[in-house]
Amino acid sequence: MKIQKKVIYVFALAFSALLFVAGFSVYNTRLGTHSAEMISHTQEVRYNIERVLSINTDIEDAARGYALSADSKFADSCYKSATSLNQHLEKLSELVKDNPVQEQRSTELVSLARNKSFYAAQQMATELSTDSNAAKIQAIARQMKDEENRLLSVRFADNQSAAKRSVITTLLSCIFL
């Protein structure tokens, strides 16, 4: 009878250990999944920042082209780019709502980019003066990219850590069991 109780205790201990390892594995898997989602989110934010800068440059170029040639194709291009710019600005604003600092920068970026109308760009091109909004837009975008790069580094490290914990948990559970 005493031997049976010892066997039951060993099985209970093994079963408890198995449950603990399974729970820890699920926890590590969730951490890894969340980390991967955050990396993807950061990449999407970076993409939208780059698109805003690129489209903003397209608008400036189209305005200059129109000012120099009065060709309506430049005006059409500018209006199409402005529509695309608004879409990317809205997407960027949506993506950074989880980060108050980035949200503030995004709001400022939206304000500057939308204040830069076709006519203001056309006037700038006609006067051949520099556009202080363009420099401000570049500076804010650079700050946003720097922050996203920092977040990306942290998230990559978190992802690698979760993967290592998962491997170690698996190895330890195999050894123990």
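Start by selecting Lys91: this residue is partly exposed, at 36% relative accessible area (buried is under 20%, exposed over 50%, partly exposed in between, with a 1.4 Å probe and protein chains only). Before going on, note that you are looking at a predicted model, where local features need pLDDT of at least 70, side-chain atom pairs count only at pLDDT 80 or more, and totals for chains, interfaces and linings use all residues. Residues are numbered from 1 along each chain as its sequence is written, and side-chain values use heavy atoms, with hydrogens and water left out.

The structure has four salt bridges, so let's visit others. Pick Arg64 and Asp61: their closest N and O atoms are 3.7 Å apart. These two are three residues apart in helix α1, about one helical turn. Arg64 is partly exposed at 33%, and Asp61 is partly exposed at 44%.

Next, jump to Arg150 and Glu147, whose side chains form a salt bridge at 2.8 Å, N to O. Both lie in helix α5, three residues apart, or about one turn. Is Glu147 buried or exposed? Glu147 counts as buried, with 16% relative accessibility, while Arg150 is partly exposed at 43%.

Stay in helix α5 (residues 132-176) and select Gln143. Which residues does Gln143 touch, leaving aside neighbours within four places in sequence? They are Gln102 and Arg105 (contact means heavy atoms within 4.5 Å). Gln143 and Arg105 are 38 residues apart in sequence, yet 8.2 Å apart in space, C-alpha to C-alpha. Gln143 itself is partly exposed, at 40%.

Finally, zoom out and show the whole chain. You'll find five helices and zero strands (DSSP runs numbered from the N terminus: helices are H or I, at least four residues; strands are E, at least two). Buried residues make up 32% of the 177 in the chain. Of the contacts with a separation of 6 or more, 81% link residues 24 or more positions apart.
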